[in-house]
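Subject: Structure handover and notes

Dear colleague,

I am passing on the structure below, followed by what was found in it. Please read the notes with the sequence and the model side by side.

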Amino acid sequence: MRRIVFILFCCLTVAAGADTIWQVNNRVAVEHGVLLIDQTRSVKEISAAQAKGGFKADLGVGLFESRIKAELVIGEMNAAGRRINLTTRVTTAPVIYVARELPKDSCAYKLVLAHELKHQHYDLEVLRLLPGEIHQFSQDVFAGDELESGGDSARWQNRSRSRFFQQFNYVYQALGEMR
């Protein structure tokens with residue numbers, strides 16, 4: 001008898017949970033731009049850019065920037081079927097800055113470039129992990145509970161979009177900290 005009650009309880013719990021779960025489909029596309037090597041900045045300019053990014057350097061001779069951009073399109077929303085279709089597009093325009101004071105044929109230039117290429121490699125690893133992370137947090141960000149309770153669809157979309165980009169930035173930065 002206890003076994004039957006337990007099985008019945010489990011079935012009711014699963015059925016009750018199924019009523020509140022929304023299916024969030026997020027098609028994620030990551031497009032890597034072509035890496036640009038820029039030697040037009042001075043040591044002073046690179047040092048200032050590093051400091052602006054939180055990396056105080058007395059002598060900044062190289063810098064990697066991913067120049068990441070994320071776009072989100074909220075497509076079909078079906079409240080009756082509890083389904084939301086999204087498309088996330090992530091693009092990068094990576095740039096490596098090497099100080100113009102370093103001649104291209106010098107050992108210092110090659111050393112700085114090799115170091116900055118490591119940063120680009122780490123960033124590519126982060127971008128490889130990003131789609132899985134986006135799929136995971138999209139389910140939480142786009143829960144449709146507010147819509148079911150008669151909430152305003154436009155307001156819900158704006159709030160969800162804002163939460164999505166907050167979460168995106170947090171995840172991208174957190175994954176990047178592991179480099």
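Of the 179 residues of the chain, 31% count as buried, where buried means under 20% relative accessible area, exposed over 50% and partly exposed in between, with a 1.4 Å probe and protein chains only. This is a predicted model, in which local features need pLDDT of at least 70 and side-chain atom pairs count only at pLDDT 80 or more, while totals for chains, interfaces and linings use all residues. Residues are numbered from 1 along each chain as its sequence is written, and side-chain values use heavy atoms, with hydrogens and water left out.

The chain exposes about 11,400 Å², of which carbon and sulfur atoms supply 57%; accessible areas come from the Shrake-Rupley method with a 1.4 Å probe, and for residues only the protein chains shown count as cover. Among contacts with a separation of 6 or more, 73% come from residues 24 or more positions apart, a contact being heavy atoms within 4.5 Å.

There are 5 helices and 6 strands, arranged along the sequence as α-β-β-α-β-β-β-β-α-α-α; these are DSSP runs numbered from the N terminus, helices being H or I of at least four residues and strands E of at least two.

An open sheet of 3 strands has the order β2-β6-β3 with mixed pairing, where two strands pair if DSSP finds at least two bridges between them. Its edge strands, β2 (36–38) and β3 (62–65), each pair on one side only. In this sheet, neighbouring strands are turned by 15° against each other on average, direction ignored. Strands β2 and β6 (residues 95–98) run parallel and are joined by 3 bridges, and D38 has Y97 in β6 as its bridge partner.

Axes are lines fitted to C-alpha atoms, for helices over the stretch in contact, and angles run from 0 to 180 degrees between N-to-C directions.

Strand β5 (residues 83–92) runs parallel to β1 (residues 23–31), with 9 bridges between them, and N25 is partnered with N85 in β5. Another 9 bridges join β5 to β4 (residues 68–78), which run antiparallel, and I74 stands opposite L86 in β5. The hairpin of β4 and β5 has 4 residues between the strands, and in it R82 takes a positive phi near 50°.

Best regards
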